[in-house]
Amino acid sequence: MKTLVLGGGIVGITTAYWLATDGHEVTVVEADDGVGREATASNAGIIAPGHSSAWASPRAPAMLVRSLFGAETAIRVRLRPDLRLYSWGWKFLRECTAERARENTLVKLRLCQYSQALMTDLVRSTGIEYHAVTQGALYIYRDPAELEAGAKKMALLSSHGQTQDLLDADEVARFDPVFEPVKHKIAGAVRDLTDSSGDAQRFTEALARICRERLGVVLRLKTRVGALRAEGERITGVLTDQGLLSADAYVLALGVQSPLVARTVGVKLAIYPAKGYSSTFPLTNGLAPTVPGVDEQWLVAWSRLGDRLRLTSTAEFAGYDWSWTPRDFNNILRFARDVFPEAADYARGEYHACLRPMTPDGRPILGRGRHRNLFLNVGHGHMGWTMAFGTAKIVADLMAGRKPDHDPGGFAPRPQAGGL
Ligand SMILES: Cc1cc2nc3c(=O)[nH]c(=O)nc-3n(C[C@H](O)[C@H](O)[C@H](O)COP(=O)(O)OP(=O)(O)OC[C@H]3O[C@@H](n4cnc5c(N)ncnc54)[C@H](O)[C@@H]3O)c2cc1C
């Protein structure tokens, strides 16, 4: 079957891989002049089933309100005349009950675990090198009361298959010596022994090479999708700046741009951008983190990507806005100089703003919507690097008419997230 995969991020490329393995004749359509250059290139790099707690939780509404008054909260909103923000926000708030948060967390957790297992097999069979660090991750707390709240989240994840434990500050410093000089500043951490990290862009590029050289996938770069064309229940083509492209089947994997293209054929996807800030610094010979992690109070995530240190922060609901100012990185730099002062050359940073494609319930949207030959692989939010392998395999299974190994029920197009 001739299949067009729209989007060459980690989601599009993993999808192309499994479809080509299944015998599809695949072309990836990508606007940039390389693959994995958008959210995939800037993420924190953590493969984090152990951090799959839902963002929509009973604590989120108060956080959003505080953000309106200028507080540096984990999730922030900038009010603007944007109907999509309010419609998305309303759906998000409805997911903020304890019951919904628990269910969404568990659905995401199982998908992340499934995806991580597939990724491990894929790395074993292809030998892809992506600066992997596979010794666990640390989720750090400064305040004893917050550590207690973290322990509760941990209890849910560890009773569903994650190997996690609670460490005091001395134990944290023994696990990762970078914390020895600063251990008086932390209350403790949740340690996840199976979370890992790696360079998602490097991985995407390597997998794209395998797709092209071994599986005959065509990478059509510098080709921007403007709209879909439909007749009745079928997609008949994709209008791009290089002309009309057509195929038997289409997979939408345009990350944060997916809802804009989907609506050209009347498909509404409740995906809204959650802006994050991403910075990368060259490592020095000083004491540097050996495992990835997140500071749960300062809301900064870190990982080593080869000889570089990646630090990311913030989730801001501010529309399609990729702009940034040096001020947006104050939080990250304050954290880095406080906790990892010798690790990297902070005068030589690379800075980006990037957008996470968030659904209100935090689950991706997978499978067929109202068009028989259009398949969705969208809405991976803050966990696309962790989930992509699983969602791509589920979509490939659905397209082959096979029963997916992982239950796709929690990700079907649905009223909370659109795609119907
Ligand atoms: C600050 C930050 C930190 C993160 N940290 C983590 C983490 O630690 N762990 C984790 O699992 N996840 C993390 N994520 C989330 C993860 O990066 C995303 O969920 C994931 O990259 C989404 O992949 P994607 O392929 O759907 O989107 P993208 O990577 O954005 O890819 C979409 C592709 O589509 C192309 N495209 C868009 N529009 C068009 C068009 N009209 N025509 C043609 N091509 C187009 C783009 O150029 C791009 O290549 C983080 C995200 C951010 C922003």
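First, the ground rules. Residues are numbered from 1 along each chain as its sequence is written. The model is predicted, so local features need pLDDT of at least 70 and side-chain atom pairs count only at pLDDT 80 or more, while totals for chains, interfaces and linings use all residues.

Overall layout. The chain has 11 helices and 20 strands; these are DSSP runs numbered from the N terminus, H or I of at least four residues for helices, E of at least two for strands. The C-alpha trace spans about 65 × 45 × 40 Å along its principal axes.

Now the ligand. It is surrounded by 42 residues, and the closest are Gly9, Glu38, Gly255, Gly276 and Gly384. Here a residue is near if its C-beta atom, placed from the backbone, lies within 6 Å. Helix 1 (10–21), helix 2 (39–42), strand 14 (272–282), strand 18 (350–358) and helix 11 (384–400) each give at least two residues to that shell.

Helix 11 also packs on helix 5, residues 98–126. The angle is about 85°, with the axes 7 Å apart. Axes are lines fitted to C-alpha atoms, for helices over the stretch in contact, and angles run from 0 to 180 degrees between N-to-C directions. Helix 5 and helix 11 are therefore roughly perpendicular, a label for 65 to 115 degrees. On the helix 5 side, the contact includes Leu111, Cys112 and Tyr114; on the helix 11 side, Thr386, Met387 and Lys393 are among the residues. Contact means C-beta atoms, placed from the backbone, within 7 Å.

Note on methods. Angles under 35 degrees count as roughly parallel, over 145 as roughly antiparallel, 65 to 115 as roughly perpendicular and the rest as oblique. Two residues are in contact if their C-beta atoms, placed from the backbone, lie within 7 Å.
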